[in-house]
Amino acid sequence: MENVKVLDHPLIQHKLSFIRDESTGTKDFRELVNEVSMLMGYEITRDLKLEDVEINTPVEKMTAKRLAGKKVAIIPILRAGLGMSEGILKLIPAARVGHVGLYRDPETFEAVEYYVKFPKDISDRKVIVTDPMLASGVSAIDAITALKKRGANNISFMCIIAAQDGVDALAEAHPDVDIYIAALDEKLNHKKYIVPGLGDAGDRLFGTK
């Protein structure tokens, strides 16, 4: 699928090995997720438009490039998506941050929306939705649906590890959304966890069980 991009940069893959490792503690896990998100951010922002500006260097006047056009909004899916937003903000400090809260019903595995707060000008921004894991795809699909209902029309989804089931489901539900992932894993287990995956990203980010 053309809209699915696996980012296999050596630095991303190196850091991902420590993110997966069960012996990696909360502090290091959080820092590694931050670093991988920043590295992925370079690729996901590749299509940002530039414009010419006249500046004065210490030597002479010149025409330089600066960002133009649509601004950026980062929308983490609560709660684990928060761990990825800081890395992108380091690249684009002026980006606005919204939030969408979804929880998975333990019996039906359906996503239930409990909180939504987006920038008012969401339709004028390039939107980056973040969530470390793309398992069944239900949460990502519902989060993007919530964005579209509120006017967003330029949306990318970024996660660290995805299962093929989740990628297929998201691509089918939202074929206009580019999907950026660091690793595509084998399958989902009976609890809808990605295998081999990294466990529960939220628990590992925030030190909860």
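1. The largest pocket holds about 740 Å³ of space. A pocket here is an open set of points on a 1 Å grid over the protein atoms alone, where a 1.4 Å probe fits, with protein on both sides within 12 Å along at least five of seven lines. Its volume is the space filled by probe spheres set on the points.

2. The model is predicted: local features need pLDDT of at least 70 and side-chain atom pairs pLDDT 80 or more, while totals for chains, interfaces and linings use all residues. Residues are numbered from 1 along each chain, and side-chain values use heavy atoms, without hydrogens and water.

3. Lining residues have an atom within 4 Å of a point. At least two lining residues come from each of strand 4 (71–78), strand 6 (99–104), strand 9 (133–134), helix 4 (138–149) and helix 6 (201–206). The lining of the largest pocket has 18 nonpolar, 5 polar and 8 charged residues.

4. The second largest pocket has about 170 Å³ of space. Among the residues lining it are L48, K49, I92 and R125. Its lining divides into 7 nonpolar, 1 polar and 4 charged residues.

5. N3 lies in the segment before strand 1 (4–6). Leaving out residues up to four places away in sequence, N3 touches A171, H174, P175, V177, D178 and I179, where contact means heavy atoms within 4.5 Å.

Notes. Helix = DSSP H or I, 4+ residues; strand = E, 2+ residues; numbered from the N terminus. Nonpolar A, V, L, I, M, F, W, Y, C, P; charged D, E, K, R; others polar.
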